[in-house]
Amino acid sequence: MSLNDRLATYFRERPSQWVNAHELLTVAGFAAWRTRLSELRRAPFNMTIQNRQRRMFMTSLQAQRTISEYRYVPGLTPDRGTEQGVTGDSDTSTQAPEPV
């Protein structure tokens with residue numbers, strides 16, 4: 001099974017569930033997990049993978065950190081529209097920062 005297949009299976013087992021990017025790198029490989037995720041959006045997989053980002057203040061670091069999460073949405077295609085603050089086409093969507 002290829003790493004693309006592993007990642008596709010991982011998402012299909014968790015439909016509509018937000019998954020932290022750190023979990024994905026353990027499934028799809030540290031060096032190229034984002035490339036594999038992008039490949040799932042194209043043939044032969046044609047999966048709708050959405051991304052959201054949010055900022056959280058980490059008390060232990062005394063700094064803000066961006067949390068990036070992804071989810072597979074079965075039956076949804078990018079031309080049907082997206083939720084507010086979430087996109088299925090790129091890794092650049094953001095949501096308003098959470099209160100500190």
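**Close-up views of a predicted model**

**View 1. The largest nonpolar core.** Of the 17 residues in the largest nonpolar core, those touching the most other members are Leu7, Phe11, Leu24, Leu40, Met47, Ile49 and Tyr70. Such a core is a set of buried Ala, Val, Leu, Ile, Met, Phe, Trp, Tyr and Cys residues joined through side-chain atoms within 4.5 Å. Two or more residues come from each of H1, H2, H3 and E3. Helices (H or I, at least four residues) and strands (E, at least two) are DSSP runs, numbered from the N terminus. Buried means under 20% relative accessible area, exposed over 50% and partly exposed in between, with a 1.4 Å probe and protein chains only. The model is predicted, with local features requiring pLDDT of at least 70 and side-chain atom pairs counted only at pLDDT 80 or more, while totals for chains, interfaces and linings use all residues. Residues are numbered from 1 along each chain as its sequence is written, and side-chain values use heavy atoms, with hydrogens and water left out.

**View 2. Surroundings of Phe11.** Leaving aside residues up to four places away in sequence, Phe11 touches Leu24, Leu37, Leu40, Met47, Ile49, Tyr70, Arg71 and Tyr72. Contact means heavy atoms within 4.5 Å.

**View 3. The buried side of helix H3.** In H3 (residues 33–40), the buried residues are Trp33, Arg36, Leu37 and Leu40. They lie on the same side of H3 because they cover an arc of only 100° around the axis, the arc being that of the directions from the helix axis to the C-beta atoms. These buried residues pack against helix H1 (3–12), helix H2 (21–28), E2 and E3.

**View 4. The aromatic pair of Trp33 and Tyr70.** One aromatic pair is found in a search of the whole structure. The ring centres of Trp33 and Tyr70 are 5.7 Å apart and the planes stand at 80°, so the pair is edge-to-face. Rings of Phe, Tyr and Trp (its six-membered ring) pair if their centres lie within 6.5 Å; planes under 30 degrees apart count as stacked, over 60 as edge-to-face and the rest as tilted. Trp33 in helix H3 and Tyr70 in strand E3 are 37 residues apart, and the pair links distant parts of the chain. Both residues are buried.

View 5. Asn51 stands opposite Tyr70 in E3. Four residues lie between the strands, and Gln62 takes a positive phi near 55°.

How values were computed: Two strands pair if DSSP finds at least two bridges between them.
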